[in-house]
Amino acid sequence: MSKFSWDQAFSDGAQYRPMNNFALAKILDEVPKIGKALDIGCGTGDLALQIASFGYDVTGIDGSKVAIENAHSKAIEAGVINHVTFIHQDIDDQDLPTGSYALITAKLVIAFIDYKKLFKKVSASLMHDGVFMVQTPLMVRDVNYPDNDETRHLKRISVDESELSAALNANFKTVEILTTEYSGHWGIDKTYVAKSPSR
Ligand SMILES: C[S@@+](CC[C@H](N)C(=O)[O-])C[C@H]1O[C@@H](n2cnc3c(N)ncnc32)[C@H](O)[C@@H]1O
């Protein structure tokens, strides 16, 4: 999907399902307490604000100007603007600082970006014992998907489960599946938690 259509989607009020607070708390249990967080493809900032509510300073990056403006307004309204920064930036073009973040998250975004390149950058950008969370819809290799509107949409917003798993295992020492959720007839979403960059 192009950057223009994301702006259009957010102008039309697009919203995506929220991160389960219990799952987030479980992830944060394992994240170093001192350190910053980064949310990649932050959209209108809900996850970044949720992470900030646990006491982290958070940066959100998104390629949609409309989403970033919206996120910034929400942070002002929530009174946490001193703890969150939202940046309008294409993540495919953005280098990340080395050894910096305690937590990096990418929720419902990796299907739209060069995620294999991203994982290398994320791995280098996590501090010691830092945690990377990826949540994404998946296509499963041994399933025979029918060709219809639902599965064509699914293809646009998903990544191949086996390729994703290989890319995570190539860049991180431990990879766990924290949640598996089913939606519609064919949809499956997983939340992965990866740790200890493999340097
Ligand atoms: C489905 S939305 C999810 C937004 C948010 N993570 C959430 O869960 O509510 C996908 C987001 O990825 C962003 N995005 C897509 N390609 C991007 C890129 N190359 N760089 C930065 N953000 C991108 C879009 O602007 C959009 O906000």
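Visitor: Which residues come nearest the ligand?

Guide: Of the 19 residues around the ligand, the nearest are Tyr-16, Gly-41, Gly-43, Gly-63 and Ser-64. A residue is near a molecule if its C-beta atom, placed from the backbone, lies within 6 Å of it. Keep in mind that this is a predicted model: local features need pLDDT of at least 70, side-chain atom pairs count only at pLDDT 80 or more, and totals for chains, interfaces and linings use all residues. Numbering runs from 1 along each chain as its sequence is written.

Visitor: How many residues of each class are in the shell around the ligand?

Guide: The classes first: Ala, Val, Leu, Ile, Met, Phe, Trp, Tyr, Cys and Pro count as nonpolar, Asp, Glu, Lys and Arg as charged, and the others, Gly among them, as polar. Here the shell has 10 nonpolar, 4 polar and 5 charged residues.

Visitor: Which strands pair with β1?

Guide: Strands (E, at least two residues) and helices (H or I, at least four) are DSSP runs, numbered from the N terminus. Two strands pair if DSSP finds at least two bridges between them. Strand β1 (residues 36-40) pairs with β2 (residues 57-62) in the parallel sense, over 5 bridges. Lys-36 stands opposite Asp-57 there. β1 also pairs with β4 (residues 101-107), again parallel and over 5 bridges. On that side, Ile-40 has Ala-106 as its bridge partner.

Visitor: How many residues of β1 are buried?

Guide: Buried means that 20 or more other C-beta atoms lie within 10 Å of the residue's own; 12 or fewer is exposed, and in between is partly exposed, with C-beta atoms placed from the backbone. In β1, 4 of the 5 residues are buried.

Visitor: Where do the buried residues of α5 fall around its axis?

Guide: The arc is that of the directions from the helix axis to the C-beta atoms. In α5 (residues 115-125), Tyr-115, Leu-118, Phe-119, Val-122 and Ser-123 are buried. They fall within an arc of 135°, so they line one face of the helix. Now take α7 (residues 161-171), where Leu-164, Ala-167, Leu-168 and Asn-171 are buried. Their arc is only 100°, which puts them on the same side of α7.

Visitor: Is Val-193 buried or exposed?

Guide: Val-193 lies in strand β8 (residues 187-197). Val-193 is buried, because 22 other C-beta atoms lie within 10 Å.

Visitor: What does Val-193 touch?

Guide: Contact means C-beta atoms, placed from the backbone, within 7 Å. Not counting residues up to four places away in sequence, Val-193 touches Ile-27, Val-131, Met-133, Glu-176 and Leu-178.

Technical notes
Two residues are in contact if their C-beta atoms, placed from the backbone, lie within 7 Å.
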